[in-house]
Amino acid sequence: MALLKLENVWKRYGEVEAVKNVNLECEQGEFLSLLGPSGCGKTSTLRMIAGLEKITSGNIYIKGQLVNDLQPGKRNIAMAFENYALYPTLVVYENIAFPLRAKKLSEKEIKKRVLWVAELLEIEDILYSKPKGLSGGQQQRISLARALVKDADIHLMDEPISHLDADMRRRMRRELKRLHQTTGMTVVYVTHDQLEAMSMADRIAVMNNGVIHQIGTPTEIFNHPKDEFVAGFIGSPPINFLESRLRVEKGRYAIEVEKFLYFIPDRLGKKVEKASDLLGGRVRLGVRPGDIALSLKKVDNALSGKVILVEPVGESVVYHIRLGEKEIIAEVSVEEDINVSEGEGIRIIFNPDRLYFFHPETGKSLHT
Amino acid sequence: MKKITTILIYAFITIVLFVFVFHYIWMVLTSFKTRLDIFTVPPKFIFKPYLQNYIDVFTRGRFLRNFLNSAIVVACATFISVAVGTPAAYSLARFELMGKKHISMWILSIRMMPPIVAVIPFFLIASKLRILDTHGLLMLVYMTFNLPFVIWILRSFFEDVPIELEQAAILDGYSRWSIFTKVALPLVKPGLVSVTILCIIFSWNEFLFANVLTKEVAQTLPPAISVLVTTRTVQWGRVGALATLVVLPIVIFTYFIQRHMVRGLTLGAVKG
Amino acid sequence: MAKVVLKNVYKSYGEVKAIRGVNLSCEEGQLLALLGPSGAGKTTTLKLIAGLEKCDGGEIFLNDRNVNEVSPFERNVAMTFENYALYPHFTVFENLAFPLRSPRRRHIYSEKDVRKKVEEIATLLGIHQLLDRRPTQLSGGQRQRVSLGRMLVTNPDVFLMDEPIAHLDAKLRYFLTGEIKKLQKRLGVTTIYTTHDYMEALAIGDRVAVINTGKVLQVGSPDEIFNRPNTEFIGKLIGDPPMNVLECEIVKKEKNYFLKIGELIHPLSARMAEKLLQEVKDGKSRVGIRPTDMQVSREKIPGYPEMEVYVSEPLGDKEILTLKKGNVSIQAKIKAGLESKVGEHLWVKFDFKRLHFFDRETGNRIHLDVEYLVL
């Protein structure tokens, strides 16, 4: 049995359905991330696990025990809050030590653990300041420290590094992941930042409008998105969507995109054909910017477009390309760059193994 | 179990609420009682209402005169305080002034002074100037206490208006004054409403100065109540009736204007 | 259209020296991106150009005319602010009309002209259907457009944009940088654009000026800034993850040169080592290696160092590895697919041609012209 289990969990605030029938399991030692845009219900879900919000219906189990009516203090969990929730009258050291004092640990043990976590999160030098004068980033690290210092069954984190500057966020991402992998603690981590979820989590649950769209490893989520929302939410620059039509031309499968014909692998074509039968061949094509190659020479099976904007972003170059009525984004690494300038015509080649097809109305993937 | 807790909580809230509003209830009840009922022990809560107290208030004594005095003094004092205090607050919030800190501190310190300290000097000055028992004197006194309050509160409201809003207007060629009236002022409206209400309440209820500095011509309502308390008798019924009439306008006024007191008009205007 | 030139400009706020001798120029029709961390002096620079702040020293020229004493309005520049600075009590229409209805312009534009002009701009930016709404009813992206619209509506000579897209979510930013750049190209208006995000600066700027603690550190094309950072600071400011910058020493064993970074010993070409030794006599400097400029492999690369995986972060099509050896920690960004485990040992080979060297004390780039060396 999983360490944490959510079974048909609902949360309503009056008329608003914040969480709709969520089913989720988290194994011992797993790093599970709830990922979604703001207002998608991820924080409500986390707060229900913590017991800070009542669930409207459904069941939550921790270690096989039904905890629906168990007080937060008795669930043996630790939580880091996005808005810090520090005790303003206590110095940082005491803030971090607070959950340990509740457990009546010896002063020596407390000191050892506080110093350990302070070093990990780089806050040793502010241990004896009051939270009030500290920056948002520092306060957030204290809040995180207070959650990490406690020996809990589950560590819940609500956007714990969102207020740090980019560099510190990167460092904390690394340290948190390392900490999780070396201690084997169980983490449920809420974030709206796909980078954080991708880089740290063992599994990701992508949420929107209170519903879980997909649960899977970062690689699964990235390579096999189950629907358009997941495909659009993950990846930067974002995926391109193109309305298209599946056809069979000269015995080969092809898609018609913006009046161009583009042949696709048979295996993929067959799968999509089956699913798109009822749609008269109408499908929505998704291509990630990194899966587009550009060429100045004439190539077989390519679309033609016009470069409207070139954005060199260091290690790669981002092209905005006009394709028929649409505009798409392609990202080419510097080594593979072909130095096209704005206004030039260009051939566009999609990586045939990494094309995604979605139902034009429901947005569901047609081949996973 | 849960139900009992809920009931207990509500019972507690009721008790607390009762303690807070009891004297108002007592006041209103008293105003409708006969002299006999007022002194009955245990007190009666259900009785036949008696309207003579109110009739007395309107017929014997100078209720209308006092009411008019209160209205004139409060309206003028509040209007002038807000009209003068708002630009003052704006300049303290926005301009680099010489000794800005000292000016602010000095303004605040006036408000911190206990009113009783000022009563004697005011009385002496006024009597020398022969302006005792005039509306102007009372207005002046109320402004002394309202102005620092208006300036202090509105200053922080103005400081909350993002400076970029005004800088954008500067680039567009607007003058300081039109920026103040067109950009800043509309955005501190909730603050303006709040300080106006609080000024009115303060001036309306003020007793100490009104009692010492006015007698007949400019006497306002609060001291008029005290007149009914004499060394020989206290006309409790009339005290209750008059007090109820003093409180009533403020209650009605506050009820209708409270929705304007919401803060946060600027929220959401800035950033994503 | 105008050329913007700043000559040795200074500005202090009380004790704080915000701008310390800034020299900048932006050619007519060009887009100059000012890149720097928060507090670097970017916004102050814009406000000085706009005339919202007065400079303590130095000169500012617009179109070869010294504007130090010219009022903000007469400079004919328009500015967008980081927080958009929309008037919450006005509708979108009134916000856009506000600059045209100012006392200084009222006589030029009749109400009919105002309506026409506002509608034209709204159509251009695709916010036509929002004209009756108030800013609070708009999304972040829509507010940003309104703020752009208010800048465009008066036909200014210079656009000043202060972190225009810093508060939008990442997805929108990709489209909006593109949109702003296209718009600027089409109108051909001289533009100065501030940002703290290196990607944005490189993507949008014809030229990029890196600024920190009130000083301009480097001005150049996006390519120059990325490939030839003048100082260690710029190297670390650019890139995600940023450049690894480490203490290093050139050592010679028998006839071969090595780069010694703590316990990490990496071969170095003789020509490069000799060139470096000419510049730094004791051979000690700081080396900068971009996470993308190295090869990481599970198979042994003979002669190259071995490092331990501290942590590995998958990012879809890429993977970021943090590698350690003793006290040395470096980050590598590689194509996804290695799927390394914590504690695993991997071999690392730096791309010689793309190493950067910085002076240990000043942090300035040591120019080796390695691009021209045949290795």
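Domain bounds here come from an automatic or database domain assignment. On that basis, chain B of this predicted model has two domains, whose C-alpha centres lie 33 Å apart.

## Domains of chain B

Domain 1 of chain B covers residues 2-50, and domain 2 of chain B covers residues 61-261. The two are in contact through seven residues of domain 1 and six residues of domain 2.

On the domain 1 side of this contact, α1 (2-31) and α2 (35-38) of chain B each supply at least two residues. The largest share comes from α1(B), with four residues. Sorted by class, the residues that domain 1 of chain B presents to domain 2 of chain B are three nonpolar, two polar and two charged.

## Fold and overall shape of chain B

Chain B contains 13 helices and zero strands. Its radius of gyration is 24 Å, whereas the globule rule gives 19 Å for 272 residues; the value for chain B is well over that figure, so the chain is more spread out than a compact globule. The C-alpha trace of chain B spans about 75 × 70 × 30 Å along its principal axes.

In chain B, 32% of the 272 residues count as buried. When contacts between residues at least 6 apart in the sequence of chain B are considered, 78% of them join residues at least 24 apart.

## A helix pair in chain B

Helix α10 of chain B runs over residues 189-205, and helix α13 of chain B over residues 236-257. Their axes come within 11 Å and cross at roughly 175°. Angles over 145 degrees count as roughly antiparallel, and the crossing angle therefore makes α10(B) roughly antiparallel to α13(B).

From α10(B), the residues that make the contact are B:V193, B:I197, B:I201 and B:W204. From α13(B), they are B:I250, B:T254 and B:I257. By class, this contact of α10(B) with α13(B) is made up of six nonpolar residues, one polar residue and no charged residues.

## Composition and extent of chain C

The secondary structure of chain C consists of nine helices and 20 strands. Along the principal axes, the C-alpha trace of chain C spans about 85 × 45 × 40 Å.

Chain C has 375 residues, and buried residues make up 45% of them. Among contacts in chain C between residues at least 6 apart in sequence, those joining residues at least 24 apart account for 65%.

## Where chain C meets chain A

The contact between these two chains involves 28 residues of chain C and 29 residues of chain A. On the chain C side, both helices and strands take part: α5 (170-187), α6 (198-204), α7 (222-227), β16 (306-315) and β17 (318-325) of chain C each supply at least two residues. Of the elements of chain C, α5(C) gives the most to the side that touches chain A, with seven residues.

The side of chain C that touches chain A has 16 nonpolar residues, along with six polar and six charged residues.

Note on methods:
Residues are numbered from 1 along each chain as its sequence is written. Chains are lettered from A and ligands numbered from 1 in the order in which they are written. This is a predicted model: local features need pLDDT of at least 70, side-chain atom pairs count only at pLDDT 80 or more; totals for chains, interfaces and linings use all residues. The radius of gyration is taken over C-alpha atoms; the globule rule is 2.2 Å times the number of residues to the power 0.38. A residue is buried if 20 or more other C-beta atoms lie within 10 Å of its own, exposed if 12 or fewer, and partly exposed in between; C-beta atoms are placed from the backbone. Axes are lines fitted to C-alpha atoms, for helices over the stretch in contact, and angles run from 0 to 180 degrees between N-to-C directions. Angles under 35 degrees count as roughly parallel, over 145 as roughly antiparallel, 65 to 115 as roughly perpendicular and the rest as oblique. Ala, Val, Leu, Ile, Met, Phe, Trp, Tyr, Cys and Pro count as nonpolar, Asp, Glu, Lys and Arg as charged, and the others, Gly among them, as polar.
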